[in-house]
Amino acid sequence: MAAEPGGGRGRGVGRALACAVLLVASPLFVAYVWLCCEEYGCAISGPLLDVALGRGRSPGRLLLDGLPRPTLAGFTVFGVWYASQAALAIALPGRIGYGAITPAGHRPAYRLNGLLAWLVTHVLLGLAVFRWRLFPSTIVADHSGGLLVAANAAGLLVAVLAYWKARRFPSRPADRRWSGYAVSDFFMGVELHPRIGPLDLKLFHIGRVGMMAWTAVNASFAARQFQELGYVTSSMILVNLLQLVYVLDFFAREDWYLRTIDMHHDRFGFYLAWGSMVWIPFMYTLQAAYLARHPVRLSPAATVGILVLAGAGYAVFLSANRQRDRFRRSDGAVRIWRREATSIPARYVTADGAIHHTRLLTSGWWGFARHANYAGDIMMATAVSLACGFAHALPYFYAVYLTALLVHRIYRDDRRCREKYGAAWEAYCAAVPYRMVPGVW
């Protein structure tokens, strides 16, 4: 059982305070954005201007009157979604994939059936809507407030259970990490790969509860637009199509995701539990939610430009990740861009004292920048936002947030790798000096 590395007491107190603020502010912020969309036409300044200009709403009344209310439909829909995704994750066949070695020397195994689960989920949704007539295609848009309350309640409950489980029934006791501050441990998590039976809680919540909902929520807002207009605009089609490609790529390369920072380093607490059930379904889908209220009709030139930007971003994102994955699978014996891959040898020691040898790739995209794949990710996010036009700032939240998230992740990764690889990381940074954008940063 490890303690939080480095930083001293001052850094620990600062982190605990930040976690406490985020614990309260994050759900309120999502509720505020929901209010902006529901009552103010997605104008993010609307509620604040009402309060500032004295238009009958005090901050207290804004909270009491504006926040979404719990509904039976919201809890029912969310409960069915959660239970069905758990059943599919456990029951569907899939090959076994392996994550990175943990600090205690354990290599977790996973059943990879995400793509099949996505297909089964969306086929069943289609049948339920169009053949069995169990509910309307606009069900998410119709019950967004109740669903938001249910998702918040579920996120908080799962975070509490994860914290309790880490104390009483840890899956891998040696891979726990305690900071010494309960609020930090609750928010950031303690267990690295908590499991209940065959279900890995981290992969399940991120992939099956969160990412799986992304395309379903988008489709519901497209259905709302069709209900209002009698057709679906090119901008709504673009948003659904581009984010569909992103989600399908996630599930098609689920084994690659096992070795990302989310799975390899982040622990399972409120940050990932609540983030998977609230942040992804309600904040990553803002473009579709916006277009359902503000249809944008793109010109052919704008459509082509957005597709070119998204395609270029996806090409960088996909090829960079494939290069690194091929390099890892072949233990460095691979050709990239018709040349033998180059790398820097490195080693690290896990908590069990075992010495592991690896190599840091310096070929292909990874010879231009240490996180070139992130640049592609941001290009795709920007393209999706551009499909919503320029009348409101809200559709650009995802692109701005993703940029901030990835920049912060770059610094986190640099600090972690510097501690892990030592001199080898210094040599790698000298060989590949740019962090994300060659020649710029």
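# Salt bridges, a pocket and ring contacts

D262 is buried, with a relative accessible area of 13%. The cut-off for buried is under 20%. This structure is a predicted model. It holds 16 salt bridges and 33 aromatic pairs. The second largest pocket has a volume of about 1000 Å³.

**Salt bridge D262–R409**

- D262 forms a salt bridge with R409, at 2.8 Å from N to O.
- The partners sit in distant parts of the chain: D262 is in helix α12 (residues 261-264) and R409 is in helix α18 (residues 397-421), 147 residues apart.
- R409 is buried, with a relative accessible area of 11%. D262 is buried too, at 13%.

- R329 is exposed, at 55% relative accessible area. D255 is buried, at 10%.

**Salt bridge R224–D142**

- The closest N and O atoms of R224 and D142 are 2.5 Å apart in their salt bridge.
- R224 is part of helix α9 (residues 201-229) and D142 is part of helix α6 (residues 139-142), so the contact ties together parts that are 82 residues apart in sequence.
- D142 is partly exposed, at 37% relative accessibility.

**Second largest pocket**

- The volume of this pocket is about 1000 Å³.
- The second largest pocket is lined by 39 residues, and W81, L125, F135, I139 and A216 are the closest to its centre.
- Two or more lining residues come from each of α4 (72-91), α5 (114-131), α6, α7 (144-168), α9, α10 (234-252) and α13 (270-283).
- Helix α5 gives the most to the lining, with nine residues.
- The lining has 29 nonpolar residues, ten polar residues and no charged residues.

**Aromatic pairs**

- The count of aromatic pairs is 33. One of them is Y82 with F204, an edge-to-face pair with 5.4 Å centre to centre and 90° between the planes.
- Y82 in helix α4 and F204 in helix α9 are 122 residues apart, so this pair links distant parts of the chain.
- Y82 is partly exposed, at 24% relative accessible area. F204 is buried, at 2%.
- Y163 and W178 have ring centres 6.3 Å apart and planes at 80°, so they form an edge-to-face pair. Planes over 60 degrees apart count as edge-to-face.
- Y163 is in helix α7 and W178 is in strand β4 (residues 177-178), so the pair ties together parts that are 15 residues apart in sequence.
- Both Y163 and W178 are buried.

**Arginines over rings**

- R195 sits over the face of Y110, at 4.8 Å from the ring centre.
- R253 sits over the face of W256, at 4.5 Å from the ring centre.

Conventions:
Residues numbered from 1 in each chain as written. Predicted model: local features only at pLDDT ≥ 70, side-chain atom pairs only at ≥ 80, totals over all residues. Heavy atoms only, no water. Salt bridge = Lys/Arg side-chain N within 4 Å of Asp/Glu carboxyl O. Helix = DSSP H or I, 4+ residues; strand = E, 2+ residues; numbered from the N terminus. Buried < 20%, exposed > 50% of the residue type's maximum accessible area, 1.4 Å probe, protein only. 1 Å grid on protein atoms, 1.4 Å probe; cavity = no way out; pocket = protein on both sides within 12 Å on 5 of 7 lines; lining within 4 Å. Points joined across faces, edges and corners; volume = space filled by probe spheres on them. Nonpolar A, V, L, I, M, F, W, Y, C, P; charged D, E, K, R; others polar. Phe/Tyr/Trp six-rings, centres within 6.5 Å; stacked < 30°, edge-to-face > 60°. Lys NZ or Arg CZ within 6 Å of the ring centre and 35° of its normal.
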